[in-house]
Amino acid sequence: MKVKKSRTNLSTTGQQRQRRSWAEPYKIKMVEPLRMTSPQQRRRAIQAAGYNTFLLRSEDVYIDLLTDSGTSAMSDWQWAGMMLGDEAYAGSRNFYNLEEAVQEHYGYRYVIPTHQGRGAEHILSQILIKPGDTIPGNMYFTTTRFHQEHAGGNFVDIIIDEAHDSRSLHPFKGNIDLKKLERQLKASRVPYVCVAATVNMAGGQPISMRNMKAVSQLCKKHKTKIFLDATRAVENAYFIKTREKGYGERSLKSILREFCSYSDGCTMSGKKDSLVNIGGWLAMNDSSIAEEARNLIVVYEGLHTYGGLAGRDMEAMARGIVESVDENHMRARIGQVEYLGQLLLDWKIPIVEPIGGHAIYLDARRFYPHMPQDNFPAQTLAAELYLDSGVRSMERGIVSAGRDKESGANHHPSLELVRLTIPRRVYTQAHMDVVAESVESVFRKPRKPRGLAMTYEPKYLRFFQARFRPK
Ligand SMILES: *Cc1c(COP(=O)(O)O)cnc(C)c1O
């Protein structure tokens, strides 16, 4: 099938919108060859991986859309910074560069590096959550909820109902339902509200500035804190700029600062927005929480001036933060996701709309309408896509949702999705065309699979290592 080039809405200015063509705001200086595989090789590989794309060897993958986490390409400026790593055990100059970059771009007073996002989630949960507490959040994220529950808390979803409907076109599906939040604030002990921007599990959907402001006012009234999951907050700022009235002319940097100002701190995975392969941080404005975090960090991550990272990693992250708010970078980053999504929409492939920030989410329920959710439609679809072309994606449905902490029953999330996650600055538009054609061919395949049965289930975060066999 011939690939139809679709219009991408890449620009915020009317004049540039007239143009259809666009290009990445960088050129390629170093290449990494990709390995092509035959259908027989892919069948053997997915069998050996127990039909779980997490268990495939990366060398058996052609285009890797498993995740955008730690898979981005660094710039020459970041690589140059790697050579300036100060590998002192304590007080590395790269720590101070990182601290300054976070303070300047995110606005929080205290900054503690961690090896990645979940390290920050662990420390924050241990400090703030007491057994029996409730932590309201705009949809769960796997590691975030795990650490909250591991500390004895209960996660409660307070996202707007539209987020659970893959067809709703609400421009800010990441928004918090203020009524749901107020009910929790009145009824339970809430140490903090966990706000994610953008919401990964809802399809990379943003939260509006207006909503964030209202959440902040409500939390002030009830004297509770807000901690942001800032992992993709710059991508969220881009959506505010392009979708929310009054922000079109503002810089991403100033939108990000304003957004963060409505929270008391954040956990951060630098492996997403900040364009590094490893790293994260915990930040806050409250000095006593910062002191407790510095106490815990030495036990679990490392000294408070390195938190499990090498000096060079902190330098790359400090520079990545600066690059992440570059307007051209973000326009091309989200523009590439939009390009892939628009191709699929043009071909009537069921995806989550509106198109989100970091990924396209295929609606597995509409690929396999007759398959019961207990046969793992999204897990099946991810395996089928790999078999078709060697494109690797990830399940975000019943497997990822796991089991209820108390009853042990499977959660049955309304969204049963396959995520095609786009690494930053790694693939070209031509790669996106290959992906779109493969998705279409799987969608139109006349013989539908019957699904999978789980043959091995790990105790925690089962989606990473579970194994399956075809039904
Ligand atoms: C990736 C991610 C995390 C966890 O970060 P890691 O660096 O993978 O530990 C937390 N929240 C969201 C929304 C994420 O996407």
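In this predicted model, the protein chain is divided into two domains, with domain 1 made up of residues 39-61 together with 327-470 and domain 2 of residues 76-324. The centres of domain 1 and domain 2, taken over C-alpha atoms, are separated by 26 Å. To the contact between them, domain 1 contributes 32 residues, while domain 2 contributes 45 residues.

The size of an interface is often given as the accessible area lost when the parts come together. For domain 1 and domain 2, the area buried between them is about 3,000 Å², of which 54% lies on carbon and sulfur atoms. Charged and polar groups also meet across this boundary: four salt bridges are found across the interface of domain 1 and domain 2, and 19 residue pairs, both members at pLDDT 80 or more, are in polar contact there. On the side of domain 1 that touches domain 2, at least two residues each are supplied by helix 13 (327-346), strand 9 (359-363), helix 16 (398-401) and strand 12 (417-421). Helix 13 provides the largest share of that side, namely six residues. When the residues on this side of domain 1 are sorted by class, 14 are nonpolar, seven are polar and eleven are charged. A salt bridge is also formed between the side chains of R424 and E235, with a distance of 3.1 Å from N to O.

The ligand is surrounded by 14 residues, the closest of which are G117, R118, D229, S269 and K272.

Finally, the backbone geometry may be considered. Most residues other than glycine have a negative phi, and most peptide bonds are trans. In the present model, however, A197 and T198 are joined by a cis peptide bond, with omega about -20°, and T198 lies in the loop between strand 5 (192-196) and helix 8 (209-221). The peptide bond from E353 to P354 is likewise cis, with omega near -10°, and P354 belongs to the loop between helix 13 and strand 9. M139, although not a glycine, has a positive phi of about 70°; this residue is placed in the loop between strand 3 (134-137) and helix 6 (142-150).

Terms used. Residues numbered from 1 in each chain as written. Heavy atoms only, no water. Domains from an automatic or database assignment. Contact = heavy atoms within 4.5 Å. Buried area = accessible area lost by both parts, 1.4 Å probe. Polar contact = N/O pair within 3.5 Å; in protein donor to acceptor, adjacent residues only side chain to side chain. Helix = DSSP H or I, 4+ residues; strand = E, 2+ residues; numbered from the N terminus. Nonpolar A, V, L, I, M, F, W, Y, C, P; charged D, E, K, R; others polar. Near = heavy atom within 4 Å.
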